[in-house]
Amino acid sequence: MLVDTGANVTLLRTDLAQKLKEQLIYTGPNISLKTATGEKTEIRGKLDASIECGSRKFHHRIYVADVTDPCILGLDFLKKFNFTVDLEKNEIRTGGEEIPLFSASVQHSKSCSVLVKKRTIIPARSECLIQGIPEAPGQFRYAVTDFPSQVSQKGVLVAATLVDLEMEVIPVRVLNLNNKPKILDKGDVIATCEPVVDIVARPQEFSGAQNLQSTLENLQILNEEQRIAVRKLLNEFQDLFSICDADVGRCNMTQHRINTGDHPPIKQYPRRLPLARKEEAEHLVKEMVDNGIIEESSGPWASPIVLVKKKYGSTRFCVDYRKLNEITKKDSYPLPRIDDTLEQNLKSADSSMIQRLQGMISKHIEVRLSRKCRCPLPKTL
């Protein structure tokens, strides 16, 4: 547990919160906190829990987030229960009880050196992997390799890497910056290892195979024969399904054309955004640029952007193309009646729904006409 007077709220790590019996209160996806490094971390929820400090238990509301430490006691907790922090004595006090911040029985592991296993020659201005062994094995298991302070290794850089000291050989990536080959004899110190206090499993993007497996597990109404048929079908066409929000895809079978005839260009000025929404709009624009959805352009056409809140709290980035649509010559396509389609589905034993991810931006627009889709952004963006 970490006592942090710089934290405004008390935090609990997500994996620990899931093990507690207390009911987790989920918060909106737009709520986040800013870390000491300036990065934003999403709040997963909040819960009411009992925190034991010394001989007393304190009932307090804590927030759940993907943090490194198991629990962070913030300023809200310290103020609420009148805690006093004494850095000189390394203790906190409340109600006459003194609680040490660092236990005298705790032995902090020191860093250990990594030695070269066998004589190695690193060519001039080259990089290679060197086999290393810990100088004093058994102190701790996981560590991060770092550059040693020995003068003899001047002109050599070591990459910081997470390693398992229980392995027979520790791989150390070394770069020789000198114009001459570097000779490392057996037993030379090539790196130092700093112990890893904690390893937190971060949520990762699901791969197609993982997503497929979770989909099949939810199909409880199917028998084994039907599951095999569905698995075969989904495996065959798995490239058609999106695995994350950034995986939009693009339809290259045809190009979207905007036929405005001889109408002169329509130029609309950008609408003012509230200060609270400008940062959000900036993030959405950067995200679309990074994913190759939009690009910078110049031209006489322009339509304003609109930010619309979705029902789950996230924001949809929209462009007001109403004036452009008014002058566009539309093509008529024979679409079936919706009621006829629904009646046909009633005759089927099974039915499913597939939602197209960001369908409006997954179709390629003809290059010479894409200038008509321009949307001017405020100068701050």
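The model is predicted: local features need pLDDT of at least 70, side-chain atom pairs count only at pLDDT 80 or more, and totals for chains, interfaces and linings use all residues. Residues are numbered from 1 along each chain as its sequence is written, and side-chain values use heavy atoms, with hydrogens and water left out.

Arg 93 pairs with Glu 91 in a salt bridge, at 2.9 Å from N to O. A salt bridge is a side-chain nitrogen of Lys or Arg within 4 Å of a carboxyl oxygen of Asp or Glu. Glu 91 is buried, at 9% relative accessible area.

## Other salt bridges

By this rule there are twelve salt bridges. One of them joins Arg 61 to Asp 48, again with 2.9 Å from N to O. Arg 61 sits in strand β5 (residues 56-65) and Asp 48 in strand β4 (residues 40-53), so the pair ties together parts 13 residues apart in sequence. Strands (E, at least two residues) and helices (H or I, at least four) are DSSP runs, numbered from the N terminus. Arg 61 is partly exposed at 34%. Asp 48 is partly exposed too, at 31%.

Another bridge links Glu 280 and Arg 277, whose closest N and O atoms are 3.0 Å apart. Both residues belong to helix α5 (residues 275-290), three residues apart, or about one turn of the helix. Glu 280 is partly exposed, at 24% relative accessible area. Elsewhere, salt bridges with shared partners join Asp 86, Glu 91 and Arg 93 into one network.

## Cysteines

How many disulfides does the structure hold? It holds zero. The cut-off for a disulfide is a pair of cysteine sulfur atoms within 2.5 Å. For Cys 53, the nearest cysteine sulfur is that of Cys 71, 8.3 Å away. Cys 53 is buried, at 6% relative accessibility. Cys 71 is in no disulfide, and is buried at 7%.

## A nonpolar patch

Leu 233, Phe 237, Leu 240 and Phe 241 make a nonpolar surface patch of about 400 Å². Patches are made of residues with over 30% relative accessible area and no salt bridge; like charges are joined within 9 Å, nonpolar side chains (Val, Leu, Ile, Met, Phe, Trp, Tyr) within 5 Å. Accessible areas come from the Shrake-Rupley method with a 1.4 Å probe, and for residues only the protein chains shown count as cover.

Leu 240 lies in the loop between α4 (224-236) and β19 (251-256). Leu 240 counts as exposed, at 64% relative accessibility.

Terms used. Buried means under 20% relative accessible area, exposed over 50%, partly exposed in between (1.4 Å probe, protein chains only).
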